[in-house]
Amino acid sequence: MAQAKRLNGGPSRPADLRKLYMFKHVEDNLLEEIYPLLQRSHWRRRTEIRLRKEFHDQVGFVWSGRFRFAATRPQGEVVSLYSIASGESFGFATALARYRYGEVHRLLVDEDGIILALAADRFRALQERSQAFSLALTRALNILALDYGARVYELAVSDVRTRLVAALLRRADLQNPSRDRVLLSPTPTHIDLAAEIGASREG
C-alpha cells in the first residue's frame with residue numbers, strides 16, 4: 001500500500017526548479033507562477049504507488065530519489081517499463097494526450113525521494129506559454145519514443161548481455177555524446193538496468 005509523508009523538502013524558491021530538466025530554461029516569471037502550484041510528497045523505499053490514485057491527472061517531477069514506472073499483469077506480477085531518476089519526470093505523454101493512468105500503472109520506489117506534482121491542465125498551459133519548456137518537452141518525448149523503439153528491437157533480436165551493453169551505450173551517449181569514454185553519473189543500479197533491458201523476468 002502506498003504511503004507518502006507530506007513535508008517541506010524539495011525546492012525552497014522558484015529558481016530551484018531549474019534543477020529539473022524540463023524547467024531548466026523556463027522564464028523567471030513562469031517559474032514564479034508554477035512554484036506555488038506544485039504538490040510535494042516524500043516516498044519511502046520499497047513503496048508501490050498506484051498512479052491512478054496518488055497522481056490522478058498530474059505530471060510528476062522527481063526532485064530526489066529513484067523510481068521505476070511499471071505495470072501489473074493480470075496474474076499480479078509487476079513489470080518494470082523504465083527507470084526515473086532525480087531531475088526526470090513521468091506522466092507527460094499521458095497529460096499531453098489527455099489520457100489518464102489506468103488501474104495497472106504503478107510507480108515503484110527504489111530509493112527514498114521527493115516528487116513534485118503539477119496538474120495536467122497547468123502542465124499543458126505551461127507548454128503553450130513557454131518555448132523553452134516546449135522544447136525540453138519535445139526532446140523528452142523524442143527520447144522516450146526512441147528508447148521504446150530500441151527496446152522493442154533489442155527484445156526481439158538480442159540476448160540479455162547485448163541488451164545490457166546497448167543500454168549502457170545509450171546512457172553514455174545521452175550524458176556526453178562527444179566523448180569516447182564516459183563515467184556514468186549517477187551510477188545506474190542493477191535494478192535500474194534490469195528494468196531498462198527487461199531482464200527482471202529472465203533466468
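## Aromatic pairs

Counting ring pairs with centres within 6.5 Å, you get seven aromatic pairs. Keep in mind that the model is a predicted one. A pair of aromatic rings is described by how far apart the centres are and by the angle of the planes, and two of the pairs here can be read that way.

Take W43 and F55: the ring centres are 6.1 Å apart and the planes meet at 45 degrees, so this pair is tilted. W43 belongs to strand 2, while F55 is in the loop between helix 2 (51-54) and strand 4, so the pair ties together parts that are twelve residues apart in sequence. W43 and F55 are both buried.

Then there's F123 with F133. Their ring centres are 5.3 Å apart with the planes at 75 degrees, so this one is edge-to-face. The pair links distant parts of the chain, with F123 in helix 4 (residues 120-129) and F133 in helix 5 (residues 131-157), ten residues apart. Both F123 and F133 are buried.

What else does F123 contact, setting aside neighbours within four places in sequence? The list is M22, V59, F61, F92, A95, L96, L118, F133 and L137.

In soluble globular proteins, nonpolar side chains tend to be buried together. Here the largest nonpolar core has 41 residues, and the ones touching the most other members are M22, F23, F55, F61, F90, L107 and F123.

## Strand 9 and its partners

Strand 9 (residues 113-119) is mostly covered, with six of its seven residues buried. Strand 2 (residues 39-43) runs antiparallel to strand 9 and is joined to it by five bridges.

## A charge over a ring

Which ring does the charged end of K19 sit over? The ring is that of W63, and the charged end is 4.4 Å from the ring's centre.

## The loop at V182

V182 is in the loop between helix 6 (160-175) and helix 7 (190-197). Is V182 buried or partly exposed? With a relative accessible area of 26%, V182 counts as partly exposed, because buried means under 20% and exposed over 50%.

Key. Residues numbered from 1 in each chain as written. Predicted model: local features only at pLDDT ≥ 70, side-chain atom pairs only at ≥ 80, totals over all residues. Heavy atoms only, no water. Helix = DSSP H or I, 4+ residues; strand = E, 2+ residues; numbered from the N terminus. Buried < 20%, exposed > 50% of the residue type's maximum accessible area, 1.4 Å probe, protein only. Pairing = 2+ DSSP bridges. Core = buried A, V, L, I, M, F, W, Y, C linked by side-chain atoms within 4.5 Å. Contact = heavy atoms within 4.5 Å. Phe/Tyr/Trp six-rings, centres within 6.5 Å; stacked < 30°, edge-to-face > 60°. Lys NZ or Arg CZ within 6 Å of the ring centre and 35° of its normal.
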